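Dear colleague,

Please find below the structure that I am handing over to you. My notes on it follow directly after it.

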Amino acid sequence: MAASAILFPIALFIFFFFLNLPNSLDAAGFSVDLIHRDSPKSPFYNRSESLFDRVSRAIHRSNSHVNYFIPSTSAATRKDVFSTMVPNTWSYLMNISLGTPPLDIIAVMDTGSDLIWTQCIPCKSCYKQVVPVFDPCNSSTYKEISCHSSTCVNISQGCNSNGTCEYKYFYGDYDTYTNGVLASETFTMNSSGSASGRLSIPNIIFGCGHDNHGTFFSQGAGVVGLGKGPFSLISQLSSSMDKKFAYCLVPHLQNTSTSRLDFGDSAVVSGNGTFYTPLISKPDWKESFYYVNLKTISVGDTNISFPSYLNGNILLDSVTTLTQLPTWAYRTLLRVLKGAIHLQPVPDPSNNLELCYEFGKDFKVPNMTFEFDGGEVVLGSLNTLIQTNETVSCFAFWYSDPVGVFGNLAQQNINIGYDLENMKVAFKPTDCAHQ
């Protein structure tokens with residue numbers, strides 16, 4: 001989701017800071033749970049709300065979030081670290097602990113931003129937070145990053161009076177930000193890859209935020225970035241996890257199971273039905289995003305072809321609910337679907353989406369085939385429809401320019417593996433609740 005305005009030398013960063021990762025990470029991978037924010041297991045779940053209230057909010061979050069994929073010219077040219085994630089639009093959470101002794105927090109999992117951060121004492125300006133704010137003085141493993149380190153040279157926004165490296169990280173329109181100091185700390189996660197069920201990883205670089213403002217959420221306490229930049233969790237684990245991670249998203253509106261986030265050997269996606277498509281690099285402020293090439297969308301015998309000169313025309317995003325397409329492709333797809341469904345469309349009761357039908361025995365939803373370089377994914381109603389009231393379902397698509405977004409609804413029940421060493425991503429249809 002996020003794009004940094006500064007490109008950092010990755011090799012020096014990894015060499016300097018990650019020689020001390022634990023040996024337990026060298027042999028195999030590990031897995032952690034992901035919780036959708038609308039799941040009954042989420043701290044945001046409100047039993048008094050209807051399914052359709054949650055659906056409507058998810059659509060609003062999705063459409064709000066996509067507005068920030070293309071930052072303004074002034075934003076893109078600033079010298080601060082910049083992220084296009086709008087924190088209140090996220091979808092998936094993970095439980096982590098930091099420090100010694102560990103402090104438990106809930107953080108956002110974000111495949112489009114690079115920085116890991118949490119609020120810290122002393123708070124110059126902090127948003128209200130339900131769990132205690134992290135106090136570095138209470139942790140024996142907390143260590144601030146010196147202004148003279150190679151890491152600080154590559155990200156520094158200045159030094160404080162103690163010679164500690166300061167950072168600034170902006171979200172969206174610059175009204176939402178976190179400022180503080182860079183530090184290293186031990187992160188602990190519940191993991192199926194550890195004999196004890198808990199995995200501790202020392203020397204993770206994170207932002208200790210002392211000045212944080214904007215649309216953050218009181219139940220949460222930070223962000224875990226999984227983008228391609230050097231400060232993301234996957235980049236920091238690269239020496240032991242081979243730059244591999246994967247996730248398998250359960251249908252969050254139909255299932256109370258948690259989704260899964262895998263690293264290293266556990267993130268290798270293979271077997272029948274698997275295909276690989278190249279990850280496309282864009283050497284500009286969009287470098288953190290995961291771009292791939294979408295060749296065609298097929299509905300029955302009708303193909304919607306994407307121009308071959310648009311390299312990296314769609315990105316994979318864990319935050320956006322809807323699948324977003326360039327306006328011309330979106331309009332064409334809606335026209336094709338109307339021709340394939342011999343029923344009269346009805347208005348969306350929630351006034352969010354454009355193509356909706358009353359469902360019943362006569363409502364047959366055509367499969368859609370998304371063909372990428374290297375293979376194709378067949379999407380059924382689970383991935384393409386969203387129910388907006390008791391009798392109406394709408395196609396879960398919207399428009400964005402100039403590139404599209406393959407949203408998390410379309411990714412449900414697909415095991416998606418990212419291999420940053422070989423710059424490719426794997427797709428495998430999977431029953432994610434029972435894998």
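Arg260 is partly exposed, at a relative accessible area of 29%, whereas Asp262 is buried, at 1%. Here buried means under 20% relative accessible area, exposed means over 50%, and partly exposed lies in between (1.4 Å probe, protein chains only). The side chains of Arg260 and Asp262 meet in a salt bridge, with 2.8 Å from N to O. A salt bridge is a side-chain nitrogen of Lys or Arg within 4 Å of a carboxyl oxygen of Asp or Glu.

Please note that this is a predicted model, in which local features need pLDDT of at least 70 and side-chain atom pairs count only at pLDDT 80 or more, while totals for chains, interfaces and linings use all residues. Residues are numbered from 1 along each chain as its sequence is written, and side-chain values use heavy atoms, with hydrogens and water left out.

The structure holds 3 salt bridges. Another of them joins the side chains of Glu371 and Lys295, at 3.8 Å from N to O. Glu371 belongs to strand S20 (residues 368-372) and Lys295 to strand S15 (residues 294-299), so this pair ties together parts that are 76 residues apart in sequence. Helices (H or I, at least four residues) and strands (E, at least two) are DSSP runs, numbered from the N terminus. Glu371 is partly exposed at 26% relative accessibility, and Lys295 is partly exposed at 38%.

Arg331 and Glu354 also form a salt bridge through their side chains, at 2.8 Å from N to O. Arg331 lies in helix H8 (residues 327-340) and Glu354 in the loop between H8 and strand S19 (356-358), so the pair ties together parts that are 23 residues apart in sequence. Arg331 is partly exposed, with a relative accessible area of 37%, and Glu354 is partly exposed, with 36%.

I turn now to the sheets. Strands of a sheet pair through backbone hydrogen bonds, either parallel or antiparallel. S15 and S20 belong to an open sheet of 4 strands, in the order S16-S15-S20-S21, with antiparallel pairing. Its edge strands are S16 (302-305) and S21 (375-379), each of which pairs on one side only. Two strands pair if DSSP finds at least two bridges between them; S15 and S20 pair over 5 bridges. Ser298 has Thr369 in S20 as its bridge partner. Helix H8 lies across S15, S16 and S20, and runs at about 175° to S16. For such angles, axes are lines fitted to C-alpha atoms, for helices over the stretch in contact, and the angles run from 0 to 180 degrees between N-to-C directions.

An open sheet of 3 strands has the order S19-S23-S22, and its pairing is antiparallel. S19 and S22 (385-387) stand at the edges with a single partner strand each, so one side of each is left without a neighbour in the sheet. S22 and S23 (residues 392-395) pair over 3 bridges, and Leu385 stands opposite Phe395 in S23.

Finally, the largest nonpolar core has 84 residues, of which Phe206, Leu261 and Phe263 touch the most other members. H8 gives the most to this core, with 6 residues. A nonpolar core is a set of buried Ala, Val, Leu, Ile, Met, Phe, Trp, Tyr and Cys residues joined through side-chain atoms within 4.5 Å.

Yours sincerely

Terms used: Contact = heavy atoms within 4.5 Å.
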